[in-house]
Amino acid sequence: MIAVIADDLTGAAELGGIGVRYGLRTEIRTSAGTHTDADLLVIAGDSRSKNEREAVEEMTGITRGLRLLQPGWVYKKTDSVLRGHVVAELEAHMQALGRHLALLVPANPSLGRTIHDGHYFLNGLPVHLSSFATDPEFPVTSSDIQDVLHARERPVFIRKAADVLPERGIIVGEVHDKSNLQLWARRLPQQALPAGGAEFFSTLLELRLGRKPSGSSQPFVPGAPVLFVSGSTFDSSRKLIREQFDGGGPVSYMPRSQDTDWAAGVIRLLKDEGKAIMAIDAAHRGHSALQLRQQMAEVVATVLKTSMPGELIIEGGSTAFAILEKQGWESLLPEQELGPGTIRMRVPQTPGLFITVKPGSYRWPGSIRY
């Protein structure tokens, strides 16, 4: 069994989708749990929404639980632009697994996310000049990897694929293109914990399985009605939803007053339009991200009690995790990879319901539109 530990739900789903692409029986859980028949077990944490101490405690517990399942190898999924408590979590995993070295390759070059000369770039521009600069919990204020990781006083080494590698600590691998991913996959030291983004995991998987991914022509046919939930703070997502709203689309924004029955409005849209889009507008900027997603999860729970959709589509990892936690859903079974990071999954505890999730920073695939 291959095991993945992710710091949020959309990252877990993204790698679960890659498992489906390679024909692996894949399960996503919110805890290590007990025995599984899966070829690929992905544990979705929620550490990116916690402080560093809480994140380390969560990841240490997950890693210890996972060791009892004796996986063949373990991969740590991090945010591709290194938001979160990346170094502290890697150190916790290394300690729990008895490792002294980690190889972190977060870049996704097919999405324009690259690292060279010690700096992170998004489509050729320094990452701190992008919309990641306005992330409400982990704003990216520098493209310098040492600054992004807050690692100037820690054993973190930025290296090119041809460089001599240290024997202890955390190596951050520079990546210009797909060929660099392949070089790093071949250079992975035997005792190192591999970590990073989706494309490095996919490269490792292909190398170790010795086969190419299988294509899927299965069309995406969403269940009805469809409930969209957007917890994204990215301007591109907010713009698309605002355009829907201005055009009379079935958009229901979080009300400014708690006296307003938000759930009732969403339920009416599901009944009358067959679709509802729940979102948070710019008026709520500056509010606690934790409080906003918890409030959204509460309202979604109320909606689901009255009007269970056939398809629940969620944008934003922390929002998705809050909804799952509120519903008590501890396991998801990926079925379709609809596009990069956009994964459709069954909920074993709720037959007939499908959940599709996507990171807020990724584009929707052509098969999905608000």
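In which handedness of crossing does α9 pass α10? In this predicted model, α9 passes α10 in a right-handed crossing. The protein chain contains ten helices and 18 strands.

**The chain as a whole**

- The radius of gyration of the protein chain is 20 Å, which agrees with the value near 21 Å that a compact globule of 370 residues would have.
- Along the principal axes, the C-alpha atoms of the protein chain fill a box of roughly 60 × 45 × 40 Å.
- Of the 370 residues in the protein chain, 59% are buried.
- When contacts between residues at least 6 apart in sequence are considered, 66% of them join residues at least 24 apart.

**Helices α9 and α10**

- Helix α9 covers residues 289-306 and helix α10 covers residues 317-327; the two pack at an angle of about 50°, and their axes are 9 Å apart.
- Angles under 35 degrees count as roughly parallel and those from 65 to 115 as roughly perpendicular, and α9 and α10 are therefore oblique to each other.
- On the α9 side, the contact involves R293, M296, A297, E298, V300, A301 and L304, which meet S318, T319, A322, I323, K326 and Q327 of α10.
- The residues of this contact between α9 and α10 comprise seven nonpolar, three polar and three charged.

**Helices α8 and α9**

- Helix α8 (residues 262-273) packs against α9 at an angle of about 45°, with 9 Å between their axes.
- α8 and α9 are therefore oblique to each other, and α8 passes α9 in a right-handed crossing.
- W262, A263, V266, I267 and L270 of α8 make this contact with M296, V299, T302, V303 and T306 of α9.

- V87 belongs to helix α3, which spans residues 86-97.
- A residue is buried when its relative accessible area is under 20%; V87, at 3%, is therefore buried.
- Beyond its neighbours within four places in sequence, V87 is in contact with L149, A151, R154, V156 and I170.
- V87 and I368 are separated by 281 residues in sequence and by 35 Å in space, C-alpha to C-alpha.
- T114 lies in strand β6, formed by residues 113-116.
- With a relative accessible area of 12%, T114 is also buried.
- Apart from neighbours within four places in sequence, the contacts of T114 are A107, P109, H119, Y120, F121, V175 and H176.

**Backbone features**

- Most residues other than glycine have a negative phi, and most peptide bonds are trans.
- N123 is not a glycine, yet its phi is positive, at about 50°.
- N123 is located in the loop between β7 (119-122) and β8 (125-126), and its relative accessibility of 59% makes it exposed.
- H150, likewise a residue other than glycine, has a positive phi near 50°.
- The loop between α4 (145-148) and β9 (156-159) holds H150, which counts as exposed at 66% relative accessibility.
- The peptide bond from A224 to P225 is cis, and its omega is near -5°.
- P225 is placed in the loop between α6 (198-209) and β12 (226-230).

Terms used: Residues are numbered from 1 along each chain as its sequence is written. This is a predicted model: local features need pLDDT of at least 70, side-chain atom pairs count only at pLDDT 80 or more; totals for chains, interfaces and linings use all residues. Side-chain values use heavy atoms; hydrogens and water are left out. Axes are lines fitted to C-alpha atoms, for helices over the stretch in contact, and angles run from 0 to 180 degrees between N-to-C directions. Helices (H or I, at least four residues) and strands (E, at least two) are DSSP runs, numbered from the N terminus. Angles under 35 degrees count as roughly parallel, over 145 as roughly antiparallel, 65 to 115 as roughly perpendicular and the rest as oblique. A crossing is left-handed if the near helix is turned anticlockwise from the far one by less than a right angle, and right-handed if clockwise. Contact means heavy atoms within 4.5 Å. Ala, Val, Leu, Ile, Met, Phe, Trp, Tyr, Cys and Pro count as nonpolar, Asp, Glu, Lys and Arg as charged, and the others, Gly among them, as polar. The radius of gyration is taken over C-alpha atoms; the globule rule is 2.2 Å times the number of residues to the power 0.38. Buried means under 20% relative accessible area, exposed over 50%, partly exposed in between (1.4 Å probe, protein chains only).
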